[in-house]
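Hello,

Here is the structure for your files. My notes on its aromatic residues follow below.

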Amino acid sequence: MKILAVDDDPFILELLPAMFEQADLNDLHTAPSGPAALEMIDAAKVPFDCLLLDVDMPEMDGIELCGRIRTLPGYENKPILMLTAKTDSISIEKAFAAGANDYIAKPFNLKDIYNRIRVAERLLVSSKTIKRIDASDLSEVDTLTPPDIKLADKLYLANVGRLILSFSLGNYITQLERSELDKYQVFCVSIDDAERLFDQISRHDYVHILTSLAETLSDLITCPHLLMSYEGNGAFLCITRDPNLPEWNRMETGLQAKMDALGLAQGDANGKSISLSVGTPIPPNANRTQRVKKTFERALSRAESRYATKCAAA
C-alpha cells in the first residue's frame, strides 16, 4: 500500500516512517504541508492508495486538503485518514463531511496506526464496488444514472452536504468515547414503501428523490455535528450531537412538508406524494465491537416500526 502522510510537525514526519516500518508498511511518503502534498499527488506516476492528513496545519488545513483531494481524478474513493487531537470533535465531524473515512487520534501508538491502516485496506478493496453518483451532475437525462442500481445498494451521493459513506459512518461511530455516547443521537429517515416506489419509476428519478431527501435533511437539521449515510432500501442513517434536535414527530412533519413542497410524486396514476417515516432517536450502543451493527439495526427498526404504526392507523 502506497501511503502519503501530511503533517507540518517535523517530529511526526520523523516518527511515522519508523512506526509504519514496524507495521510492515514500507511504502510511506511524507509532505510538510497541503500545497506540497498536492504537488506530490500531481507528480506521482503511481497514485497513492491511502492518505493521512493532519487536521491542524497552517496555510491549508487538513479539512480543506481533504476536500481538494476528493476532487482529483482517481482519488474520489481512496481512503483518507485524519490525524487529530482526540477532543477536537467538531474538526473530526467537518473532516468526515469533507470526505475523510476515518481518523487516528493524537497521541497515537503503533497499535492505533496498525488497526486503522488495516481498516483503510478493507475500504480500498470495497471502494472498487462503490456506486458513486455525483448529485451535482443529476439532470433530466436518464442515462446519467447507472442502470444497474438495486434497491438495497448503499449508494454514495457525492456533493450532498454532511452525507458520507456507510463505511465511514461506521468508523466514526466505532471510535466514539463510551463516556460521551449519551451526547449522541442516532436516527433513521426512511421512504415509506420504497420497494414499490423503486419498481414504479426510473433509476434516475429514484436517485433524484434520494438526493432531494438528503439535501432536505441537511437543510432541516442545521447543525455542525450532523453526519448521515444512505443504507439502501430508501433509508438514511443520521447521527448528531445537537442538544436542540427537534422531537422525532416534529422532524417527520417538517421533512414531509419540505418534500411535499418539492412536488416529487410517485410514478403511479394517483401521483401520490412520497411519504417518510422518522424513527425515534437512540444513543449508540455501548459495546464497541458490536456498536455499529447493533446501532444501525436498532435505528433502522425504529423507522420500520414507525411506518408499521402509520399503516395500522390508516
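Is Y206 buried or exposed? Y206 is buried, because its relative accessibility is 1%, where buried means under 20% relative accessible area, exposed over 50% and partly exposed in between, with a 1.4 Å probe and protein chains only.

Two notes on the basis. The model is predicted, so local features need pLDDT of at least 70 and side-chain atom pairs count only at pLDDT 80 or more, while totals for chains, interfaces and linings use all residues. Residues are numbered from 1 along each chain as its sequence is written, and side-chain values use heavy atoms, with hydrogens and water left out.

Aromatic pairs: rings of Phe, Tyr and Trp (its six-membered ring) pair if their centres lie within 6.5 Å, and planes under 30 degrees apart count as stacked, over 60 as edge-to-face and the rest as tilted. By this rule there are 5 aromatic pairs. One of them is F96 with Y103, which is edge-to-face because the planes stand at 85 degrees, with the ring centres 6.2 Å apart. F198 and Y206 also pair edge-to-face, at 4.9 Å centre to centre and 85 degrees between the planes.

F96 is buried at 2% relative accessibility, and Y103 at 8%. F198 is buried too, with a relative accessible area of 6%. F96 and Y103 belong to one aromatic cluster with Y172 and Y184.

Charges over rings: this requires NZ of Lys or CZ of Arg within 6 Å of the ring centre and within 35 degrees of the ring normal. The charged end of R203 lies over the ring of F198, 3.8 Å from its centre. For K78 over the ring of Y75, the distance to the centre is 5.0 Å.

Regards
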